[in-house]
Amino acid sequence: MAAPRSEFDIDENGERIKISTDFLEGVVQKKGYVTGISAGTFLDKKTGVRDAGYGLDIVDWIMEPGSDEAYREQLPGDLPYKFNNLYHGRTPKRSIEGPQICTQAKQLSPELLRGKDFVAVKSRYRYHLAAPGKKTGSEWLQTIVFPAGKRYFISSDRITTVNASDAMFLRLDMPGHIKHKQGDTFSEVYLSYLGKIPASEFSRDFAPDEKFNYRRDRDKIPKRFIRAYHLRDAKTGQGGPWLAGMTLDPSVVFEAWCHQRGYVCLIEEFGGRPIKPGESFSAAFIVGFFDSIAEMETIYDRYTGHTALDADSSGWKLK
């Protein structure tokens, strides 16, 4: 008797891990531009559409509020953070530890886990640059789970810190940026805390804090924290599915923006609360393809309230 067919097809080599299911396909890079799901590899098999950006759940620095101007010239590598510009806006922020993992880590050693009805990938990295007065060695852990029979993956990013801060946060892309030319790859953006925004709003560059900005210290925490873009074919204009990134506990989001800087930049920062050395903070996400906002909300409500994700060969669990 033939063995039962597995829904999961794994192709791994020294450069990357390619995961295929009946519903999705995606690549986790080991070298080059790392973290999350690699750009253009996230495929919705129902529609044949792929993500339109630079990757999904892509990770940067550990940061905190405040300016680094007094010691900026002493900062190593890519830690200097210049603000009062179109890229970063007017809000003073500074890097505690780096480098930016996605562009500067260059190589990770992700661990592949196969379960009965899922595949998971775990990636780790210890930051090796620090601001004056701060230590190096905080650990980032990312867990990505592809459950069987779904058009989405579940992920979590966790920082275990060696430093203290009054408001430490991690910066990442959620779900990911949007490459486009005058809105040719998407028709609209949906932000659960603001509503729908037509692609025409992103025809010119503007700063992160100019519009479409969310801050926990200023705005009401929404019932759901969903950020999505409605894909369309750049050549034909034909509409496709939504690609959404959902932060399952809205209260963990410190700041999030959706601005234009040659592409639509969907940065999210989570944490932003006091922390001591040896402590951890994390967030959990769902990233995937959906046919409607109502479908996103249904899935969101099924998993709402979680901030962490565990996975081993016996199973996975949101916590």
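**Stop 1: a glutamate and its partners**

Start by selecting Glu-269, which is in strand E22, residues 264-275. Strands here (E, at least two residues) and helices (H or I, at least four) are DSSP runs, numbered from the N terminus. Before you go on, two bits of housekeeping. Residues are numbered from 1 along each chain as its sequence is written, and side-chain values use heavy atoms, with hydrogens and water left out. You're looking at a predicted model, where local features need pLDDT of at least 70 and side-chain atom pairs count only at pLDDT 80 or more, while totals for chains, interfaces and linings use all residues.

Is Glu-269 buried or exposed? Glu-269 has a relative accessible area of 0%, so it is buried. (Buried means under 20% relative accessible area, exposed over 50%, and partly exposed in between, using a 1.4 Å probe and protein chains only.)

Now show the side chains of Lys-93 and Arg-171. The Glu-269 side chain makes a polar contact of 2.6 Å with the side chain of Lys-93, and there is a polar contact with the side chain of Arg-171, at 2.6 Å. A polar contact is a pair of N or O atoms within 3.5 Å; within protein, one must be able to donate a hydrogen and the other to accept it, and residues adjacent in sequence count only if both atoms are side-chain atoms. Leaving aside residues up to four places away in sequence, Glu-269 touches several others, among them Phe-169, Phe-254 and Trp-257. (Touching, or contact, means heavy atoms within 4.5 Å.)

**Stop 2: the sheet around it**

Switch to cartoon view. E22 belongs to an open sheet of 7 strands, in the order E12-E9-E8-E15-E22-E21-E18, with antiparallel pairing. Two strands pair if DSSP finds at least two bridges between them. Which strands stand at the edges? They are E12 (129-130) and E18 (214-215): each has a single partner strand, so one side of each is left without a neighbour in the sheet.

Zoom in on E8 and E15, which pair in the antiparallel sense over 4 bridges. Click Ile-62 and you'll find Leu-170 of E15 standing opposite.

**Stop 3: ring spotting**

Next, colour the aromatic residues. A pair of aromatic rings is described by the distance of the centres and the angle of the planes. Rings of Phe, Tyr and Trp (its six-membered ring) pair if their centres lie within 6.5 Å; planes under 30 degrees apart count as stacked, over 60 as edge-to-face and the rest as tilted. How many aromatic pairs does this rule give? The count comes to 18.

Select Phe-169 and Phe-254: the ring centres are 5.0 Å apart and the planes are at 20°, so this pair is stacked. The two come from distant parts of the chain, with Phe-169 in strand E15 (residues 165-173) and Phe-254 in strand E21 (residues 253-260), 85 residues apart. Phe-169 is buried at 0% relative accessibility, and Phe-254 is buried too, at 11%.

Then pick Phe-42, Phe-146, Phe-153 and Phe-289, which form one aromatic cluster.

**Stop 4: charges over rings**

Select Tyr-87 and Arg-261. Arg-261 lies over the face of Tyr-87, at 3.8 Å from the ring centre. Lys-179 lies over the face of Tyr-54, at 4.5 Å from the ring centre. The rule is that NZ of Lys or CZ of Arg is within 6 Å of the ring centre and within 35 degrees of the ring normal.

**Stop 5**

Most residues other than glycine have a negative phi, and most peptide bonds are trans. With that in mind, look at the bond from Gly-98 to Pro-99: it is cis, with omega near 10°. The bond from Met-174 to Pro-175 is cis as well, with omega near -5°, and Pro-175 is in the loop between E15 and E16.

Finish with Asp-57, in the loop between strand E7 (55-56) and E8. What is the phi of Asp-57 near? Its phi is near 55°, a positive value in a residue other than glycine. Asp-57 is also buried, at 0% relative accessibility.
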